[in-house]
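The tour goes from ring to ring and then to a sheet.

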Amino acid sequence: VQLQASGGGLVQAGGSLRLSCEASPRTFTSYHMGWFRQAPGKEREFVARISVYGKITKYADSVLGRFTISRDNAKNTVYLQMNSLKPEDMALYFCAAGSRLTDHPSSYDYWGQGTQVTVSS
């Protein structure tokens with residue numbers, strides 16, 4: 001599986017961004033998808049995850065109510081809508097694909113290259 005993340009950028013606090021992650025077509029519906037982020041000097045942390053057909057989602061407490069994960073299997077794409085962004089959301093955001101529905105980055109098999117989100121205060 002190859003994953004291509006996009007949509008990052010610079011936004012003011014309180015603003016919104018929508019991240020996208022496009023996967024190679026033949027295997028997209030075989031995998032649960034997750035979004036993770038990593039700030040400089042910090043470990044990679046779980047943000048959100050979604051099951052193969054989108055029926056089960058989970059969010060980190062820090063983004064609950066502000067971020068929404070979704071997927072369009074017809075477009076082989078998973079999204080992360082980020083609203084009410086805060087300076088502490090600033091990080092490199094990664095999408096990942098795995099056969100287990102889990103919060104743990106080590107359980108994901110494939111990773112995108114990351115897209116930078118910068119939030120100015």
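Select phenylalanine 94 first: its relative accessible area is 7%, so it is buried (buried means under 20% relative accessible area, exposed over 50%, partly exposed in between, with a 1.4 Å probe and protein chains only). The model is predicted, so local features need pLDDT of at least 70 and side-chain atom pairs count only at pLDDT 80 or more, while totals for chains, interfaces and linings use all residues. Residues are numbered from 1 along each chain as its sequence is written, and side-chain values use heavy atoms, with hydrogens and water left out.

Rings of Phe, Tyr and Trp (its six-membered ring) pair if their centres lie within 6.5 Å; planes under 30 degrees apart count as stacked, over 60 as edge-to-face and the rest as tilted. Phenylalanine 94 belongs to strand β9 (residues 91–98) and tryptophan 111 to strand β10, so the pair ties together parts 17 residues apart in sequence. Strands are DSSP runs of E with at least two residues, numbered from the N terminus.

Next, show arginine 44, whose charged end sits over the ring of tryptophan 111 at 4.7 Å from its centre (CZ of Arg, or NZ of Lys, within 6 Å of the ring centre and within 35 degrees of the ring normal). For another such contact, go to arginine 71, which lies over the face of phenylalanine 28, 4.4 Å from the ring centre.

How many aromatic pairs are there by the ring rule? The count comes to six. Tyrosine 31 and tyrosine 110 make an edge-to-face one, with 5.6 Å between centres and 85 degrees between planes. Tyrosine 31 is in the loop between β3 (17–23) and β4 (32–38), and tyrosine 110 is in strand β10 (residues 110–111), so this pair ties together parts 79 residues apart in sequence. Buried or partly exposed? Tyrosine 31 is buried at 15% relative accessible area, whereas tyrosine 110 is partly exposed at 31%.

Finally, switch to cartoon and pick the open sheet of four strands, in the order β1-β3-β8-β7 with antiparallel pairing (two strands pair if DSSP finds at least two bridges between them). At the edges are β1 (3–6) and β7 (67–72), each with a single partner strand, so one side of each has no neighbour in the sheet. β7 pairs with strand β8 (residues 77–82) over six bridges. End on phenylalanine 67, which stands opposite methionine 82 in β8.
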